[in-house]
Amino acid sequence: MNERPALTRPDGTPVRVLVVDDEPDIAEVVTGVLRYEGWDVRTAGTGRDAVREGLDFRPDAVVLDIMLPDRDGLSVLRELRAAQPHVCVLFLTARDTVEDRVNGITAGGDDYVTKPFSLEELVARLRGLLRRAGMTRELAASAQLTVGDLVMDEDAREVTRGGTGIDLSPTEFELLRCLMRNPRRVLSKTQLLDRVWSYDFGGQAHVVELYVSYLRKKIDAGREPMIHTVRGAGYVLKPAGR
């Protein structure tokens, strides 16, 4: 593993990661490399154990195998998110079709790694998710962002529109932050993939479309729209009515 700055929670305590995989060898090697990062790691081999550990451990991130012996990993994700809405979820699975990727992301996953996988890539993806979720000390202090009646407090990770709070997942928050830092500027799907996901998500631009649709439902639902599609070019955020 390459040397890089250690990540901790904002209060200085170790990052917590729950590794869920029914293959003991994989769980062991992933756990070892994450502990090498200085993180606090627990494991589970079944969906039932994963939910129990998740409720007790309150992890910052979960490495979750979709194919578990007792239940589907997607249902485990839904239970974990119900109890801890902002936990980061990285799917680790042998399934590699576009449909599987879309199903995983639609269910609420933040990222997707297929077996066989690189440990270096797995750690890099987790670090990226944790940074985007605001769970590490490496995040620089940032000012409040305001576009029209849409306000984002980056430090508190709170978003309001017209004074009404809006609950966003870590990836939705980062996508909105990117748009709010570039008001009235058209950003292409490629630019958003690079700035929000920090890598090319298998070339799947539909992931951007999916998350933009999520944001629209939360930001624009019942209000004058702020997020606009510029056909053939990308997306732009601007104050309503302007």
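## Pairs and contacts, checked against their rules

Mentor: Asp60 is buried, and Arg9 is buried too.
Trainee: What makes a residue in this model "buried"?
Mentor: Its relative accessible area is under 20%; exposed means over 50%, and partly exposed lies in between (1.4 Å probe, protein chains only). The model is predicted, so local features need pLDDT of at least 70 and side-chain atom pairs 80 or more, while totals for chains, interfaces and linings use all residues. Residues count from 1 along each chain as its sequence is written, and side-chain values use heavy atoms, without hydrogens and water.

Trainee: Why is the contact of Asp60 with Arg9 called a salt bridge?
Mentor: The rule asks for a side-chain nitrogen of Lys or Arg within 4 Å of a carboxyl oxygen of Asp or Glu. Here the closest N and O atoms are 2.9 Å apart. So the pair qualifies. Asp60 sits in the loop between helix H2 (47-57) and strand S3 (61-64), and Arg9 in the segment before strand S1 (16-20), so parts 51 residues apart in sequence are tied together. Helices (H or I, at least four residues) and strands (E, at least two) are DSSP runs, numbered from the N terminus.

Trainee: How do you know that Lys115 and Asp21 form a salt bridge?
Mentor: Their N to O distance is 3.0 Å. Lys115 lies between strand S5 (111-114) and helix H5 (119-132), and Asp21 between S1 and helix H1 (24-36), so the pair links parts 94 residues apart in sequence. Both Lys115 and Asp21 are buried.

Trainee: What makes Asp56 and Arg42 a salt bridge?
Mentor: N to O is 2.6 Å. Again, that is within 4 Å, so the pair counts. Asp56 is in helix H2 and Arg42 in strand S2 (residues 40-44), so parts 14 residues apart are tied together.

Trainee: Why is Asp56 called exposed, but Arg42 partly exposed?
Mentor: Asp56 has a relative accessible area of 53%, over the 50% mark, so it is exposed. Arg42 has 30%, in between, so it is partly exposed.

Trainee: How many salt bridges does the rule give?
Mentor: The count is 19.

Trainee: What makes Arg157 sit over the ring of Phe173?
Mentor: The rule wants NZ of Lys or CZ of Arg within 6 Å of the ring centre and within 35 degrees of the ring normal. The charged end of Arg157 is 3.9 Å from the centre of the Phe173 ring.
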